[in-house]
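This report goes through one protein model by topic. The sequence and the structure come first, and the text follows.

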Amino acid sequence: MRKQVVSVHAKKKTRTLENDATRKNICKFELLNNIMTTATKYQISDPKESVVKDLFNPYNVSAKPFLKWAGGKGQLLDKFQELYPEKLKRKKIKNFYEPFLGSGAVFFDIAQKYDIESAFLFDINDELILTYKVIQKDVSKLIDFLYRYQKTYLKLDKVKRQEFFYDQRINYNLQRFNIDYDKYSESWFPRAAQLIFLNRTCFNGLYRVNLKGEFNSPVGDYDNPKICDEQNLIAVNKVLEIAEIKKADFKEIVTDLKSNSFVYFDPPYRPISKTASFKAYSKQGFADTEQFQLAQLFKQIDFEGSKVMLSNSDPKNNDPNDNFFDEMYNEFNIVRVPARRMINSNALKRGEINEIIFFYLGVPLRVWLSAVSPRFASLHCGLSTYIPNAKAA
Ligand SMILES: C[S@@+](CC[C@H](N)C(=O)[O-])C[C@H]1O[C@@H](n2cnc3c(N)ncnc32)[C@H](O)[C@@H]1O
C-alpha cells in the first residue's frame, strides 16, 4: 500500500526534476559529473553504486532527516500516521506547515507519503534554516564540502579527531559573527557543512547552545560516522522542491496561512523545573508564556478551519497531578503515546516516557479512530486517553 503511494509520487517528481533542470539551466549530466568527480577525488564511496543509480532515480532512496535533533519525531511517525487528518489521506489537504521544524521528521514523512503541493517550514534557529536553504539551493556544492570533512576526519586517530572536533567548534562559534543569515552567499556552504559535521560527530548528536548562543555539545565517540550521506542529501534536495523555508517565530505562521492546510506543531518541551526554561535549541528559550501563546494560536487556526496537531512531552511523566497541558487544550482530542527519551546526559534517564498529542476536532474521534484501527475503538472524543501499551514513566 505504502509502496504504491510512493511510486505515484515518484513519477510526478521525476517530471519536476526535468523541468527544473531546464529552468535552472543545469544539465543532469553536469550535476552527475560534478558529483562523480567529487566522489572519485575523495574516494569515499563507489559512485556507480551510490550516486549514479540514485541520481537517475532520485526517489530510490527516501529522504530522511539529515540532522539528529533533540525531540526528533522519527520514532513516533507510525503512531502519528493514525492521527493525521483523513482529509490529508484523501488528498484534500494541499498545504503543510511545520513551524517548529527541527530535523523535519514529520515533514519528510508527509511530503513523501501524501500528495501535498506546498510545505511551509519555519524554525527560529538561524543555523538550521541556513542549512536547509543550502541543501535546497545547491546540494552538490554542500556534498563537496562534506566529502572533504569526511576524508579528513576519518583518517585521524581518536585523539586527533577530538582536537579536530574542538577546533571546528571554536571556529564555528567565532564565525557566526561573520555570517549574514538573511542573505544567501557562498559563505553559507562551509557553514552548513560545519553544522552537519558537528552534529554527526558530537556527543549524542545533540545540538545545544549556551546562553551566549555558542554551540557547546562535547565530542562524541563514533568509529565511522557518516558525515557525508550524499544519497540522502540528494533525496532531501528533491523533497524540498515544494518547500518554502523561513527563519521565523512560530507566531508568524498566521500571517499568510492558506486554506486547506494541515499544521503540525512540535514546540520545545516544557522544562521539568518550574523556574527553568528550555534553552538548548536557541538562546531565546521557550517558557510557559510561549506555551500559552501557542495554545491560543492553535485554537485560532483550528477555529479558522485548518487541521492542527501538536505534540509535547507529557508533564505527567514527572508529576501525575500536573494538568498544565490537559487544561490548556481541554477542548481538543488528547492521546498519550510511549516514546523513548533519546537525549539525556544521564544514561539512566533515557528510558520510556509519554508524549502527549493534541489534535483537531470536527470528526468524532471514536468513529474514525476505530475505522483506522480497531485497537482504538474504546477511545473517547475530548478525553485524555492512553493508547494501549503506553507505560507510565
Ligand atoms: C522539539 S524541536 C522540533 C523537533 C522536530 N519535530 C524534529 O522532528 O526534529 C523544537 C524546535 O523549535 C524551534 N523553536 C524554538 N523556539 C521557537 C520559536 N519561538 N519559534 C519557532 N521555532 C522555535 C527550535 O529551534 C527547535 O528546532
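## Helices α9 and α10

The axes of α9 (residues 158–175) and α10 (residues 188–201) cross at roughly 135° and come within 10 Å. Axes here are lines fitted to C-alpha atoms, for helices over the stretch in contact, with angles from 0 to 180 degrees between N-to-C directions. The crossing of α9 and α10 is left-handed; a crossing is left-handed if the near helix is turned anticlockwise from the far one by less than a right angle, and right-handed if clockwise.

On the α9 side the contact is made by Phe165, Gln168, Arg169 and Tyr172, and on the α10 side by Gln194, Phe197, Leu198 and Thr201. Two residues are in contact if their C-beta atoms, placed from the backbone, lie within 7 Å. By class, the residues of this contact of α9 with α10 are 4 nonpolar, 3 polar and 1 charged. Ala, Val, Leu, Ile, Met, Phe, Trp, Tyr, Cys and Pro count as nonpolar, Asp, Glu, Lys and Arg as charged, and the others, Gly among them, as polar.

## Model and overall content

The model is predicted: local features need pLDDT of at least 70 and side-chain atom pairs count only at pLDDT 80 or more, while totals for chains, interfaces and linings use all residues. Residues are numbered from 1 along each chain as its sequence is written.

The protein chain has 14 helices and 8 strands. Helices (H or I, at least four residues) and strands (E, at least two) are DSSP runs, numbered from the N terminus. Of the 393 residues of the protein chain, 34% count as buried. A residue is buried if 20 or more other C-beta atoms lie within 10 Å of its own, exposed if 12 or fewer, and partly exposed in between, with C-beta atoms placed from the backbone. Among contacts in the protein chain with a separation of 6 or more, 71% join residues 24 or more positions apart.

Helix α7 (residues 126–137) has 12 residues, which should span 16 Å at 1.5 Å a residue, and the end C-alpha atoms of α7 are 16 Å apart, in agreement. The expected span of a helix is 1.5 Å times one less than its number of residues. The buried residues in α7 are Glu127, Leu128, Leu130, Thr131, Tyr132, Val134 and Ile135. These buried residues of α7 pack against β2 (118–123), α8, α10, α11 (230–239) and β3 (243–247).

Helix α8 (residues 139–154) has 16 residues and reaches 22 Å from its first C-alpha to its last, close to the expected 22 Å. Buried residues in α8 include Val139, Asp144, Phe145, Tyr147 and Gln150.

## Packing of α8 on α11

The axes of α8 and α11 are 10 Å apart, and the two helices pack at an angle of about 160°. That makes α8 roughly antiparallel to α11. The crossing of α8 and α11 is right-handed. Val139, Leu142 and Ile143 of α8 make the contact with Glu230, Leu233, Ile234 and Asn237 of α11. The contact of α8 with α11 has 5 nonpolar, 1 polar and 1 charged residues.

## Two residues with positive phi

Most residues other than glycine have a negative phi. Lys91 is not a glycine, yet has a positive phi of about 65°. Lys91 is in the loop between α5 (86–89) and β1 (95–98), and is exposed, with 11 other C-beta atoms within 10 Å.

Asn260, also not a glycine, has a positive phi of about 60°. Asn260 lies in the loop between β3 and β4 (261–265). With 14 other C-beta atoms within 10 Å, Asn260 is partly exposed.

Phe250 is in the loop between β3 and β4 and is buried, with 20 other C-beta atoms within 10 Å. Not counting residues up to four places away in sequence, Phe250 touches Pro99, Phe100, Phe122 and Leu294. The C-alpha atoms of Phe250 and Glu98 are separated by 9.0 Å, and the two residues are 152 residues apart along the chain.

Arg340 is in strand β6 (residues 333–340) and counts as exposed, with 11 C-beta neighbours inside 10 Å. Leaving out residues up to four places away in sequence, Arg340 touches Gln75 and Glu352. Arg340 and Gln75 are 265 residues apart in sequence and 7.9 Å apart in space, C-alpha to C-alpha.

Notes: Parallel < 35°, antiparallel > 145°, perpendicular 65-115°, else oblique.
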